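Here is a quick tour of one model, written for someone who likes to know the cut-offs. Have the viewer open and follow along.

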Amino acid sequence: MTVQKVIARQWADYTIMTRRQVRDFDAWAIQEMGIPGVVLMENAGRGCTEVICDRLGAVAEATVAVFCGVGNNGGDGYVIARHLANCGASVRVVVCGKRDKIGGDALTNLKIIERMDLPVVHLNLLPEGLPDRVAAQTEGCALLVDALFGTGLSGELHSEYAGLIACINAQDIPIVAVDIPSGLDCDTGMPLPVCIEADATVTFVAVKKGFTLSEETLRATGQIYVASIGIDPRPR
């Protein structure tokens, strides 16, 4: 798996994509190149796991909480959880949303980790008591994985998710964001109105346009890595 560490502000050295370009690339990979979406998800999750393991060091001694949304970003999180468990980490999967909204490739990967008997908790997102519930899931963790929302997010976050993101940020535990810090707009690099404050972001295929626009955005992404999903953009 190819993962490239990005040197910030030297953007001319990297492919940069908007939200629409990311969507079009995924469609090209699946529809024209014939790569099933579940294969792309597997490759993305493995690339993220490579970076996480490198940052953890002693993976087998680590406890990691993976916060997953109900879309494909959450599906990447389930793949990451599986590979971390295979490496000996103690993994907690925290599903943030209704299970019946999870479908397609994400559901396939959720069912796999359920069959593996990995701990899967469905988090109550109601504001009352949410800080305590998040703290309970992150207690003793060496690292948190943000797999809540991907690049397709636009418009203001629902208040429940804004509150959840604030609680995750408040844990004072290093965070690795999957593809993009949840709550950050892919094109503008602005919070919607809050976003995960990651120590590292493992983004897929290309640097996202919003990452390049301000110092504030770089503080949200932390160190950026670009992971291949098994097929790369055609040369410009």
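## Ground rules

Strands here are DSSP runs of E with at least two residues, helices are runs of H or I with at least four, and both are numbered from the N terminus. Residue numbers start from 1 along each chain as its sequence is written. Keep in mind that this is a predicted model, where local features need pLDDT of at least 70 and side-chain atom pairs count only at pLDDT 80 or more, while totals for chains, interfaces and linings use all residues.

## Thr-201 in β8

Let's start with Thr-201, which sits in strand β8 (residues 200-204). Its relative accessible area is 0%, so it counts as buried (under 20%; exposed is over 50%, partly exposed is in between, with a 1.4 Å probe and protein chains only). The side chain of Thr-201 gets to the backbone oxygen of Thr-221 at 2.8 Å.

Thr-201 also has contacts (heavy atoms within 4.5 Å) beyond its neighbours within four places in sequence, including Ala-177, Asp-179, Phe-211 and Tyr-225.

## The sheet

Two strands pair if DSSP finds at least two bridges between them. On that basis there is an open sheet of eight strands, ordered β1-β10-β8-β7-β6-β3-β4-β5 with mixed pairing. At the edges are β1 (3-5) and β5 (120-122), each pairing on one side only. Strand β8 runs parallel to β10 (residues 223-227), and five bridges join the two. Within that pair, Phe-204 stands opposite Ala-227 of β10.

## Tyr-78 in α3

Which helix holds Tyr-78? That would be α3, residues 72-86. Tyr-78 is buried too, at a relative accessible area of 0%. Skipping neighbours within four places in sequence, the contacts of Tyr-78 include Val-93, Val-95, Ile-102 and Leu-110.

## The largest pocket

A pocket is an open set of points on a 1 Å grid over the protein atoms alone, with protein on both sides within 12 Å along at least five of seven lines; lining residues have an atom within 4 Å of a point. The largest one has a volume of about 890 Å³, meaning the space filled by probe spheres set on the points.

Its lining takes in 37 residues, with Gly-71, Asn-72, Asn-73, Phe-149 and Gly-150 nearest the centre. Elements giving two or more residues are α1 (19-32), α2 (37-56), α3 and α6 (159-169). The top contributor is α1, with six residues.

Terms used
Side-chain values use heavy atoms; hydrogens and water are left out. A polar contact is a pair of N or O atoms within 3.5 Å; within protein, one must be able to donate a hydrogen and the other to accept it, and residues adjacent in sequence count only if both atoms are side-chain atoms. On a 1 Å grid over the protein atoms alone, a cavity is a set of points where a 1.4 Å probe fits but cannot get out, and a pocket is an open set with protein on both sides within 12 Å along at least five of seven lines; lining residues have an atom within 4 Å of a point.
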